[in-house]
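Visitor: I have a structure to look at and would like to learn how to read it. Where do we begin?

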Amino acid sequence: MTRLTPQRLADAERFIWLTARVLEQRRFEHLHAGGPAEPVRTALEAYRCSDGGFGYGLEPDARGPVSQPLQTWTALTILDEIGQCAEAAPAICDHLTTITRPDGGVPAGDLRLRDYPHAPWIPIVEEPEGALLTTALLAGVLHRNAVAHPWLAGATEFCWKRVDALTETHPYEAIAAIAFLDHVPDRERARAAAERLGGLIREAGYVLLDPAHPERARTAPGYASGEVPLTCDYAANPASLARGWFDDAEIERGLDHLVGQQGEDGGWPIHWLEWSPGTALEGRPRVTLDALRVLRAYDEA
């Protein structure tokens with residue numbers, strides 16, 4: 001069954017041209033219209049900070065001219081998308097080395113962000129600890145590209161310790177952990193850890209298994225009302241270890257619900273808290289590209 005039909009893609013394309021930043025326009029061209037990779041790289045460079053990380057609102061929830069770990073991860077995923085991650089990674093890993101905490105992890109937020117507008121859930125503290133969410137996302141995309149850098153070895157050890165110690169989690173942390181487990185070299189250990197992680201998510205109810213019965217799912221503490229991931233948010237492609245968390249019917253319902261969320265304007269909605277006027281304006285094109293990626297991955301499986 002083809003879910004990403006030509007009409008759905010055309011509607012999404014119109015939405016991108018109507019609302020998106022140049023970066024998302026260039027990404028759409030590259031991914032869906034045969035456009036070259038270099039203009040994507042050029043557009044991304046506008047978000048690079050002087051310390052080698054990325055900021056300037058690349059992730060709409062953090063503004064200002066200071067690099068942030070999640071924005072640097074976003075840059076790596078875009079570089080991965082255009083096949084240039086391995087080439088760019090050494091310099092980015094050098095930057096990550098400068099912000100890594102004594103425990104081996106990268107913090108969730110940078111103290112310098114306190115002087116600029118940012119979402120209220122980004123922790124800004126004097127002496128932060130390493131965070132599994134940010135470190136796992138970064139390590140996952142670097143392992144996917146077989147990057148060899150000293151930073152990655154320490155980050156990998158940090159992620160294993162944190163994943164092995166989990167007795168409870170929340171959706172974004174679990175999605176980050178599965179991004180790490182999908183690509184870390186120790187596959188047997190990764191499969192075992194992923195199975196246990198999936199059990200934690202299902203037991204907590206932090207997944208919309210049946211969109212017809214949202215009352216059966218739970219919203220994690222601190223999340224916006226109704227901010228509950230679909231099965232295909234965890235298993236964003238059928239090769240993910242998270243695919244094993246759900247049966248075929250649960251995945252199909254999630255994909256159908258994802259299709260149904262496409263708006264009349266062609267774009268997909270955001271589900272997190274709109275803390276500023278730009279949250280949805282800049283977030284929706286990125287979420288739309290994510291939805292297209294998921295649908296294409298399952299269509300091509």
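**Cysteines and disulfides**

Guide: With the rule that a disulfide is a pair of cysteine sulfur atoms within 2.5 Å, the count is zero disulfides. Cys 159 is in no disulfide, and the nearest cysteine sulfur, that of Cys 93, is 13 Å away. A disulfide is a covalent bond between the sulfur atoms of two cysteines.

Visitor: What kind of model is this, and what do the values rest on?

Guide: This is a predicted model, in which local features need pLDDT of at least 70, side-chain atom pairs count only at pLDDT 80 or more, and totals for chains, interfaces and linings use all residues. Residues are numbered from 1 along each chain as its sequence is written, and side-chain values use heavy atoms, with hydrogens and water left out.

Visitor: Is Cys 159 buried or exposed?

Guide: Buried means under 20% relative accessible area, exposed means over 50%, and partly exposed is in between (1.4 Å probe, protein chains only). Cys 159 has 0% relative accessibility, so Cys 159 counts as buried. Cys 232 is buried as well, with a relative accessible area of 2%.

Visitor: How should I read a charged residue that is buried?

Guide: Look for a partner in a salt bridge, meaning a side-chain nitrogen of Lys or Arg within 4 Å of a carboxyl oxygen of Asp or Glu. For charge, Lys and Arg count as positive and Asp and Glu as negative, while His and the chain ends are not counted. Glu 227 is buried yet has no salt bridge; Arg 286, the nearest side chain of opposite charge, is 12 Å away.

Visitor: Which side chain makes a polar contact with that of Glu 227?

Guide: A polar contact is a pair of N or O atoms within 3.5 Å; within protein, one must be able to donate a hydrogen and the other to accept it, and residues adjacent in sequence count only if both atoms are side-chain atoms. The side chain of Tyr 172 makes one with that of Glu 227, at 2.5 Å. Contact in general means heavy atoms within 4.5 Å. Apart from neighbours within four places in sequence, Glu 227 is in contact with Tyr 172, Thr 219, His 271 and Trp 272.

Visitor: How do I read a helix, say helix 11?

Guide: Helices (H or I, at least four residues) and strands (E, at least two) are DSSP runs, numbered from the N terminus. The expected span of a helix is 1.5 Å times one less than its number of residues. Helix 11 (residues 248–260) has 13 residues and reaches 18 Å from its first C-alpha to its last, close to the 18 Å expected. Its buried residues are Glu 250, Ile 251, Gly 254, Leu 255, Leu 258 and Val 259. These buried residues pack against helix 1 (6–19), helix 9, helix 10 and helix 12 (278–299). At the start of helix 11, a side-chain oxygen of Asp 247 comes within 3.1 Å of the backbone nitrogen of Ala 249.

Visitor: Where does Gln 262 lie, and what does Gln 262 touch?

Guide: Gln 262 lies in the loop between helix 11 and helix 12 and is buried, with a relative accessible area of 16%. Not counting residues up to four places away in sequence, Gln 262 touches Arg 8, Asp 11, Ala 12, Gly 267 and Trp 268. A polar atom of the Gln 262 side chain lies 3.1 Å from the backbone oxygen of Arg 8.
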